[in-house]
Amino acid sequence: MKKIIVFFFCSFLFAFGEPYHIGDKIGLNIKNLKKDEIKESLKKWEIDKIEGKNKDYNVYFHTYSSGEKDIILGDKNLKINIVPLTESKDMKIFTNFENLENTVVKKDYPYLGIGLGIIGIFLFLISCLWFIVEYLHSPKYIFNKKLKKINENNWPEELSFIIREYIDRIYNSKFLYGEYIKVGILTEKDIQLLKRFDYLKFTPKKNGDFEEMKKEVLNLYERIGDDKNV
């Protein structure tokens with residue numbers, strides 16, 4: 001470390017011929033100045049530390065800019081020459097950097113944000129898939145899907161089956177096994193409707209109106225769907 005000692009009882013102009021490199025730590029022994037005055041004089045420098053008291057201080061500082069620097073200490077002017085670590089001849093190996101088009105800017109990509117975004121999208125897709133699976137297995141979806149396949153040739157058996165299956169899924173009952181009991185919002189009239197289907201299934205002539213019976217089944221389906229006690 002290079003060290004310069006400055007005594008303020010001398011009244012001459014300091015001039016140093018020996019240069020300092022960028023980043024070199026410079027030390028001064030300064031007398032007859034307050035610490036605040038020293039800091040003000042070195043405000044353009046990087047001060048490492050100030051030691052001492054009673055206007056007798058050892059000051060250590062450095063800079064990363066080159067050129068001849070002036071330090072005004074009281075009524076004295078101290079000149080210090082700061083030179084680069086490399087000489088002009090050494091810069092030839094960095095000629096590509098003289099053209100800013102040859103520089104590469106390293107971007108700080110928001111990897112955390114991208115990762116959280118991917119996780120969010122994945123969870124959203126899982127939620128959508130879960131919703132679709134739940135819907136495809138819902139009693140209402142199964143009822144309406146089977147209802148579309150019923151026609152005038154198979155309605156006595158199929159209408160009875162899909163409404164009894166729907167009731168069992170909603171109330172956890174055993175209507176498919178012939179246990180017709182009043183549960184939920186079902187009335188005695190609803191029970192008689194199911195028993196009428198049983199009659200139509202086993203009667204040879206299968207008398208009955210398809211559209212009328214379908215309307216009765218849909219009415220029962222909609223009333224069960226509105227049951228708040230399920």
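Axes are lines fitted to C-alpha atoms, for helices over the stretch in contact, and angles run from 0 to 180 degrees between N-to-C directions. The model shown is predicted: local features need pLDDT of at least 70, side-chain atom pairs count only at pLDDT 80 or more, and totals for chains, interfaces and linings use all residues. Residues are numbered from 1 along each chain as its sequence is written, and side-chain values use heavy atoms, with hydrogens and water left out.

**View 1. The protein chain contains six helices and eight strands.** Helices (H or I, at least four residues) and strands (E, at least two) are DSSP runs, numbered from the N terminus. Their order along the sequence is β-β-β-β-α-β-β-β-β-α-α-α-α-α. Of the 230 residues, 28% count as buried, where buried means under 20% relative accessible area, exposed over 50%, and partly exposed in between (1.4 Å probe, protein chains only).

**View 2. Strand β6 (residues 56-62) is mostly covered.** Five of the seven residues of β6 are buried. Two strands pair if DSSP finds at least two bridges between them. Strand β4 (residues 26-31) runs antiparallel to β6, joined to it by six bridges, and K31 stands opposite D56. Strand β5 (residues 46-53) also pairs with β6 in the antiparallel sense, over seven bridges; here K49 stands opposite Y60. Two residues lie between the strands in the hairpin of β5 and β6, where N54 takes a positive phi near 55°.

**View 3. V59 lies in strand β6.** V59 counts as buried because its relative accessibility is 0%. Contact means heavy atoms within 4.5 Å. Apart from neighbours within four places in sequence, V59 is in contact with I26, G27, L28, I30, I38, L42, K49 and I50. K49 and V59 are ten residues apart in sequence, and their C-alpha atoms are 6.1 Å apart in space.

**View 4. Helix α4 (residues 155-171) packs with helix α5 (residues 188-202).** Two packed helices are described by the angle between their axes and the distance between the axes. For α4 and α5 the angle is about 150°, and the axes are 9 Å apart. W155, P156, E157, L159, S160, I163, R164 and I167 in α4 meet L194, F197, D198, L200 and K201 in α5. By class, the contact of these helices has eight nonpolar, one polar and four charged residues; Ala, Val, Leu, Ile, Met, Phe, Trp, Tyr, Cys and Pro count as nonpolar, Asp, Glu, Lys and Arg as charged, and the others, Gly among them, as polar.
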